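Hello,

I am passing on the structure below, followed by notes on what turned up in it. Please look through them when you have time.

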Amino acid sequence: MLKKIAFLIILLVIVRFSGVTASPKREFRAVWIATVGNIDWPSKQGLSADVQQEEFRAILRRVKQNRLNAVIVQIRPAADALYESPYENWSRYLSGKQGQAPSPYYDPLTFMIEECHRQCIEFHAWLNPYRALVDANKNVHTLSHITYQQPSWFLRYGGKLYFDPGLKEVREYFIKIVLDIVKRYDVDAIHFDDYFYPYRIAGQEFPDHKSFAISGKTYMARDDWRRENVNVLIEALASKIKELKPWVKFGISPFGVWRNARKDPDGSQTTAGQTNYDDLFADVLLWLKKGWIDYILPQLYWERGHKAADYLELIQWWSRHAYEKHLYIGHGIYQVGTSSKACWRDMQEVIQQVDLTRSTKNIQGSSFYSAVAFKKDLCGLNDAMQYEIYPHIALLPVMPWIKSVKPQAPVVKMKKSGTGITLSWTSTETKGGLQYAIYRFTKGQDIDFERAENLLEITRSSTWISNEASGKYTYAVTALNRLHVESEPGYAME
């Protein structure tokens, strides 16, 4: 207990003297929840459905306590499914056996989305497009798996099995997978990480010469053909997702370096060994320029001053290349307390990195890799999140390019009781799963809806109870649609 009190005192001193940027009212705050290898959830294979569900609820409790407002959950790690898929096997990361459903049966994706939405947490469904088998030498897939059904679609590289991105049939198959999820589940976003073409292995060429000979004849270089294969997939998904559900966002979390300046004058002043454009064949800047994606979330897991990939250089570079889409920054909290570098021995590197996102233009928030770090509470991570990084809750940023109707202001009433007040409200909206933001202002204080400290709670309920005396404050409630567009306020009326 004394250690915790001392930690909080240190944090207060830092807040007082470090010039930390104020917590904004709107900010994307997410955490990745990885399922491959049971990194974050479930904690191990073969757990009962009840234990799996309780573990996920525990993650969400930490998410709420740390004042995050979104989760990015890996639901397709390797051509398998952590949901009821008509096309792919149940993932072994659930039951321990590929193709076996949870027991007792439940659909984890339905469950996770409902739990998140009940708590006003946005759900981003994270898929890996091309990875088919993590260990190709220990094939645990069932005979019904796509790797057996369509063996000509797959290439072995570095001990793993990958879909061949050069095949039209592969693109059509993956588009079918994504659209099935968007159609049947109430996801808020589709999310891909950095795994497009696999990271290069020294001395080994990705063995796609056959598909290049067939479909790459018009290209002078195989690298250009590879990039176009990924471009075609991203463009098609961008269009088809919005045709099906215009409000579903499409986001990419690429490797943190697009290109090094030594190869391209528009690249960053970095010396990364591999890059998105030259090695993973992901031309993410093109996707932003074309408006195919709604947000970019580069994985900037390096520290400030890193020799090959300086966080300070990269955050500025990405800020200049956001192309009016949302830019969030990925932080490697897994390094806190585990890296041998001195800068990761406490929370200061993370605190300062998040602060820089707020003082750098064109950046709307952060995501953290990964959820298990909250469970381990590395170096007092959770206290730092709650008292230093996110002292107040926040609404999610609005994407103005996605069409949306502004909700009507709720009609709010206040009922006094002996111990406090009860607010209740009604809305003319009947569709879209409205959320409500509750504000409180001290009597005589300016009514400022942009100050984060005035925002008390975000809820789906139509009532709210406070033990505060009724005469001390003015209360207001606004309605939020699923794209977080906010209504005019309705003020509490006695």
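**Cysteines**

The sulfur of C379 lies 12 Å from the closest cysteine sulfur, that of C343, which is too far for a bond. Note that this is a predicted model. The cut-off for a disulfide is a pair of cysteine sulfur atoms within 2.5 Å. C379 is partly exposed, because its relative accessibility is 33%.

The structure as a whole holds zero disulfides. C116 is likewise in no disulfide, and its nearest cysteine sulfur, in C120, is 11 Å away. C116 has a relative accessible area of 0%, so it is buried.

Helix 6 has 17 residues, which should span 24 Å at 1.5 Å a residue; its end C-alpha atoms are 24 Å apart, so the two values agree. Its buried residues are V170, R171, Y173, F174, I175, I177, V178, D180, I181 and V182.

Helix 8 covers residues 222–244, 23 residues in total. From first C-alpha to last it reaches 33 Å, close to the 33 Å expected at 1.5 Å a residue. Buried in helix 8 are W225, R226, R227, N229, V230, N231, L233, I234, L237, A238 and I241. What do these buried residues of helix 8 pack against? The partners are helix 6 (168–184), helix 7 (209–215), helix 9 (276–280) and helix 10 (284–290), together with strand 7 (189–192) and strand 8 (249–252).

**Cavities**

The count comes to two cavities of 30 Å³ or more. The largest cavity holds about 60 Å³ of space. Its lining consists of Y157, Y197, P198, R200, E205, F206, R226, D279 and F281. By class, five of the lining residues are nonpolar, four are charged and none is polar. R226 belongs to this lining and is also one of the buried residues of helix 8.

**P410**

P410 sits in the loop between helix 14 (381–389) and strand 12 (411–416). Is P410 buried or exposed? Its relative accessibility is 4%, so P410 counts as buried. Leaving aside residues up to four places away in sequence, P410 touches W425, T426, Y436, V477, T478, A479, S487, E488 and G490. P410 and P489 are 79 residues apart in sequence, while their C-alpha atoms are 7.2 Å apart in space.

Regards

How values were computed: Residues are numbered from 1 along each chain as its sequence is written. This is a predicted model: local features need pLDDT of at least 70, side-chain atom pairs count only at pLDDT 80 or more; totals for chains, interfaces and linings use all residues. Side-chain values use heavy atoms; hydrogens and water are left out. On a 1 Å grid over the protein atoms alone, a cavity is a set of points where a 1.4 Å probe fits but cannot get out, and a pocket is an open set with protein on both sides within 12 Å along at least five of seven lines; lining residues have an atom within 4 Å of a point. Grid points are joined across faces, edges and corners, and a volume is the space filled by probe spheres set on the points. Ala, Val, Leu, Ile, Met, Phe, Trp, Tyr, Cys and Pro count as nonpolar, Asp, Glu, Lys and Arg as charged, and the others, Gly among them, as polar. Helices (H or I, at least four residues) and strands (E, at least two) are DSSP runs, numbered from the N terminus. The expected span of a helix is 1.5 Å times one less than its number of residues. Buried means under 20% relative accessible area, exposed over 50%, partly exposed in between (1.4 Å probe, protein chains only). Contact means heavy atoms within 4.5 Å.
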